[in-house]
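Please consult the sequence and the structure shown here before reading on.

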Amino acid sequence: MHALEAFKYVGLNHYLALSGLVFTMGVIAVLMRRNVIVILMGVELMLNGVNIAFVAFGHHMGDIHGQLMVFFVMTVAAAEAGVGLALAVTVFKQFKKVDIKSFEQLKG
């Protein structure tokens, strides 16, 4: 079977299952780990899971709004990564570790 013919049998449910799997892995990473970098990666996984669902629904419905929402989500993800990494670097400079418990010692 040619590789492109295999994509004919991939339906909306397959993409939604993949989306749910990626989102669940992100949730587990956020909830189970205490390292800020791993938590940021978990958030990125959750956003990418949502992006897969947006693209799948957009393609299934023949509408471009799903793809447009992906650009907004990617923009939010880039901003989140920038701010999150800046906070992680600041915390690492002060406490020499990036444990989430270090954020509790910050003074506002």
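Ser-19 counts as buried because its relative accessibility is 7%, where buried means under 20% relative accessible area, computed with a 1.4 Å probe on protein chains only. The model is predicted: local features need pLDDT of at least 70 and side-chain atom pairs pLDDT 80 or more, while totals for chains, interfaces and linings use all residues. Residues are numbered from 1 along each chain as its sequence is written, and side-chain values use heavy atoms, leaving out hydrogens and water.

**Ser-19**
- Ser-19 lies in helix 2 (residues 12–32); helices are DSSP runs of H or I with at least four residues, numbered from the N terminus.
- Apart from residues up to four places away in sequence, Ser-19 touches Gly-49, Val-50, Ile-52 and Ala-53, contact meaning heavy atoms within 4.5 Å.

**Helix 3 and helix 4**
- Helix 3 (residues 36–61) packs against helix 4 (residues 65–95) at an angle of about 175°, and their axes are 9 Å apart.
- Helix 3 is therefore roughly antiparallel to helix 4, a term for angles over 145 degrees.
- Contributors to the contact include Leu-40, Leu-47 and Phe-54 of helix 3 and Met-69, Val-73 and Leu-85 of helix 4.

**Leu-40**
- Leu-40 is situated in helix 3 and, at 15% relative accessibility, counts as buried.
- Beyond its neighbours within four places in sequence, Leu-40 is in contact with Glu-80, Gly-84 and Leu-85.
- Leu-40 and Thr-75 are separated by 35 residues in sequence and by 15 Å in space, C-alpha to C-alpha.

Definitions and conventions:
Axes fitted to C-alpha atoms, helices over the stretch in contact; angles between N-to-C directions. Helix = DSSP H or I, 4+ residues; strand = E, 2+ residues; numbered from the N terminus. Parallel < 35°, antiparallel > 145°, perpendicular 65-115°, else oblique. Buried < 20%, exposed > 50% of the residue type's maximum accessible area, 1.4 Å probe, protein only.
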